[in-house]
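Open the model in your viewer and get ready to select residues by number. We will go stop by stop.

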Amino acid sequence: MKSTHFIFIAELLCLCALPGLSYAQSEPSQTLISGFGTLGGTYNSSSDAGFIRDISQETKPGKQYTWRPDSRLGIQVSHSFSPQLQVTGQMVLRDQPTINLDTSVSRALVSYRPIADLQIRIGRLADATFLMSDYYEVGYAYPWVRPPIESYGVMAPHNYDGADLTYSLRTDYGLWQLKGLFGRLKAEVPMPVGKNYMLESNDLRGVALIHQSGAFKARFGYSTFHLENEGTLGPGVQTQLHAFASVPRNPFRNEALALESDLEMRNARIGFTSLGFSYDNGHWMGQAEISDLSSETKIFPQGQQAYVSVGYHFGNFLPYLTIGANRAPEATQATGNWGRFGNRYGQLQAGALAIVNSQRTSQSTRSIGMRWDFDSHAALKVQWDQIDVRENGWGLWSTQLNHSAQADRVNIVSATIDFVF
C-alpha cells in the first residue's frame with residue numbers, strides 16, 4: 001500500500017484539505033462520479049447507555065448490538081466547466097433523526113478560482129475547524145473505525161450553508177493555506193426526553209490555518225456561532241423554577257434563579273478551537289489533536305478534548321493504539337435541600353440538576369485496533385475501546401434523563417468494512 005493512499009483518495013472525494021488541488025490540471029467539461037461507504041457493527045457492554053458516534057445520533061439504551069452508528073453510504077458528482085470553475089454535489093445516507101433530501105445532501109457547492117492561489121466556494125460546505133472536518137464522513141480516509149469520540153462526538157452539524165475563501169501559498173517548506181468561512185448551521189439533536197433540539201445558527205464564523213509538507217499535515221481552526229433556538233428540555237422546568245424562586249422568604253431563591261439561567265440556550269455563544277497534526281510516511285502513522293469547546297449554556301457540551309494515536313504499517317496491515325479524553329467544568333451540585341418545602345420541590349431540584357448535567361461530557365478511552373487494506377479501494381477494521389465515563393459525564397451517550405450519573409466503565413467492540421469507488 002502506498003504511504004498515504006487512503007488519505008489521498010478521501011481528499012479527492014471530499015474536496016479536502018487542499019481545496020482545488022485535484023482540479024489544478026483538470027480538463028474543461030470533465031465530470032467525476034465517486035463514492036464511499038462503511039458497513040459496520042458494534043457491541044456495547046452497557047445495557048443502560050446507548051452507543052453513538054456523535055450527538056446527532058440516538059441508540060436506545062439496552063440495544064447492545066447495532067450497525068447504525070458507523071454505517072453510511074455517500075456519492076459525489078463533480079463537474080469541471082474549466083480549471084477555474086467547478087460544481088460539486090454529495091449525498092450521504094447515515095443514521096440521523098430525520099432522513100430526507102435536505103438532511104442527506106452534505107455538499108452542494110460552486111467553486112471558483114479567479115487566480116491560481118485563491119479559491120471561493122459558495123453553497124453547502126464542510127466546517128474547517130477540526131483536522132478531519134473535510135473527510136469526517138469517509139471511513140476509508142482514517143485508520144480507525146471512527147474518529148476519536150472524545151474530540152469528534154460533539155460534532156452535531158456536519159456541514160453549513162454559506163461560503164469560504166481560501167488563499168494558498170507554496171513555499172520551500174510546503175503548502176500553506178488560510179481559510180475564512182461564514183454561513184448558517186442547522187442540525188437535529190436527540191434529547192433524553194421530549195422533542196429533539198433543532199440546533200440552528202445564522203452567524204457562523206470561522207478561520208483555519210493549514211500546512212502540509214510531504215507526509216506531515218497540521219491545522220489550526222476556530223469557529224463560533226450563537227444558538228437561535230431555546231432548548232426543548234428546560235422551558236417547563238424554568239417556569240417552575242421561577243415560581244419557586246418567588247416563594248416569600250425562600251432561602252434557595254438564588255439557587256433556583258441560577259438553575260433557571262443555566263437552562264437557557266437561545267443566544268448562547270458557542271466556540272470551537274482546535275489544533276492537530278497527522279503524519280504517515282508509509283511506515284509510521286501518528287496523529288494528535290487538542291481542542292476546546294466553550295459554551296455560554298450548560299446544556300451544551302463544553303470543556304477540553306484531546307487524543308493521540310500511533311501505528312505502524314506491516315504491508316497492508318496497520319495496527320494502532322489510541323488514547324483520548326475530554327474534561328468538562330465541574331458538575332452543578334445542589335447547595336440545599338428543597339424537599340424542606342415539600343416533596344415536589346425536591347423533585348424539581350433533582351430534575352433541574354439532571355437536565356443541567358445531562359449534556360456534560362467527561363470520559364477517557366483506550367483503543368487498540370487493526371486496519372487491513374485487503375483491496376486497493378477497501379479496508380477491514382476491527383477495534384476495541386475501553387471507555388471510563390466519569391460521574392455526570394454521559395453527554396456522549398444516548399441515555400434516559402433518569403439514567404444513573406455514576407461513573408462506569410464500558411467496552412465497545414467494533415468492526416467495519418470501508419470502501420471507495
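What volume does the largest pocket have? About 490 Å³. Keep in mind throughout that this model is predicted.

**Stop 1: the largest pocket**

Select Asp-102, Thr-103, Asn-159, Lys-186 and Ala-187. Of the 28 residues that line the largest pocket, these lie nearest its centre. Now colour the elements around them. β5 (85–94), α2 (101–104) and β6 (105–115) each give at least two residues to the lining. So do β8 (160–171), β9 (174–189) and β10 (197–213).

Which element supplies the largest share of this lining? Select β9: five of the lining residues come from there. Next, colour the lining by residue class.

**Stop 2**

Leave the pocket and turn to helices. Two packed helices are described by the angle between their axes and the distance between the axes.

Select α4 and then helix α5, residues 253–262. Their axes lie 8 Å apart, and the packing angle is about 160°. Is α4 roughly parallel or roughly antiparallel to α5? Angles over 145 degrees count as roughly antiparallel, so α4 is roughly antiparallel to α5. The crossing of α4 past α5 is left-handed.

Now show the side chains where the helices meet. On α4, pick Gln-238, Leu-241, His-242, Phe-244 and Ala-245. On α5, their partners are Arg-253, Ala-256, Leu-257, Leu-259 and Glu-260. By class, this contact holds six nonpolar, two polar and two charged residues.

**Stop 3: the helix pair α4 and α6**

Which residues of α4 meet α6? Select Val-237, Gln-240, Leu-241 and Phe-244. Across from them, in α6, select Tyr-345, Leu-348, Ala-352 and Ile-355. Sort this contact of α4 with α6 by class: seven residues are nonpolar, one is polar and none is charged.

**Stop 4: the largest cavity**

Rolling a probe the size of a water molecule over the atoms shows where empty space is left. How many cavities of 30 Å³ or more does a search of the whole structure find? It finds six.

Start with the largest cavity, with a volume of about 200 Å³. Select Pro-190, Pro-192, Trp-397, Ser-398 and Thr-399. They lie nearest its centre among the 18 residues of the lining. Nine lining residues of the largest cavity are nonpolar, seven are polar and two are charged.

**Stop 5: the second largest cavity**

Move on to the second largest cavity, which holds about 150 Å³ of space. Select Pro-148, Ile-149, Thr-365, Ser-367 and Asp-385. Of the 16 residues lining this cavity, these lie nearest the centre.

Now colour α3 (149–152), β15 (317–327), β16 (361–375) and β17 (378–394). Each supplies at least two residues of the lining of the second largest cavity. Which one gives the largest share? Four residues come from β15, the largest share. By class, the lining of the second largest cavity has seven nonpolar, six polar and three charged residues.

Definitions and conventions
Residues numbered from 1 in each chain as written. Predicted model: local features only at pLDDT ≥ 70, side-chain atom pairs only at ≥ 80, totals over all residues. Heavy atoms only, no water. Contact = heavy atoms within 4.5 Å. Nonpolar A, V, L, I, M, F, W, Y, C, P; charged D, E, K, R; others polar. 1 Å grid on protein atoms, 1.4 Å probe; cavity = no way out; pocket = protein on both sides within 12 Å on 5 of 7 lines; lining within 4 Å. Points joined across faces, edges and corners; volume = space filled by probe spheres on them. Axes fitted to C-alpha atoms, helices over the stretch in contact; angles between N-to-C directions. Parallel < 35°, antiparallel > 145°, perpendicular 65-115°, else oblique. Left-handed = near helix turned anticlockwise from the far one by under 90°.
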